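Me: I want to go through the terms used for this model and see what each one rests on. Please set each value against its definition.

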Amino acid sequence: MAKTIELQIEKSRNLAIGLRRHLATGIGGRVTMSEIEEMERVATALTAANDECDRLRAELSVKVKKMNELLNMAKTSYLEYKRVIKDNYPQECWADYGVPDKR
C-alpha cells in the first residue's frame with residue numbers, strides 16, 4: 001500500500017471514530033451519522049481499490065519481467081544472426097536478409 005493512501009485511510013478512520021464518539025456533544029447539527037458512515041464507506045472502498053491496485057501491480061511486474069527476458073532473447077538472436085549474414089555475404093546482399101546496416 002502506498003504510504004500516502006495508507007495515511008489517508010488511517011486519518012479518515014480516526015476522524016470517523018472521533019466524530020462518532022462526540023456526535024452527541026459538540027458537533028450535533030454540523031455532522032450527521034450518515035455523513036460519518038459515508039466517510040467510513042469511502043475509506044473502506046479506498047482500501048479495497050488500493051488492494052486491487054497492489055495485486056495488479058504485482059501481476060504486471062511478473063509480466064514485465066517475462067517480457068524483458070523475451071526482449072533480451074530477441075535482441076541476442078538478432079545480433080547473432082545479423083553477424084552471420086554480415087560475415088558470410090557481401091554488403092549488397094544484406095538487405096535481402098533484412099539487414100539494413102552499412103559497414
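This is a predicted model: local features need pLDDT of at least 70, side-chain atom pairs count only at pLDDT 80 or more; totals for chains, interfaces and linings use all residues.

Me: Why is Ala24 called exposed?

Reply: Exposed means over 50% relative accessible area, buried under 20%, and partly exposed in between (1.4 Å probe, protein chains only). Ala24 has a relative accessible area of 78%, so Ala24 is exposed.

Me: What makes the place of Ala24 a loop between α1 and α2?

Reply: Helices are DSSP runs of H or I with at least four residues, strands are runs of E with at least two, and both are numbered from the N terminus. α1 covers 3-21 and α2 covers 33-88, and Ala24 lies between them. The protein chain comes to two helices and zero strands.

Me: How do you know that the protein chain is more spread out than a compact globule?

Reply: The radius of gyration is taken over C-alpha atoms, and the globule rule is 2.2 Å times the number of residues to the power 0.38. For 103 residues the rule gives 13 Å; the protein chain has 30 Å, well over that, so it is more spread out than a compact globule. Along its principal axes the C-alpha trace spans about 90 × 20 × 15 Å.

Me: How many of the 103 residues count as buried?

Reply: In the protein chain, 15% of the 103 residues count as buried.

Note on methods: Residues are numbered from 1 along each chain as its sequence is written. Side-chain values use heavy atoms; hydrogens and water are left out.
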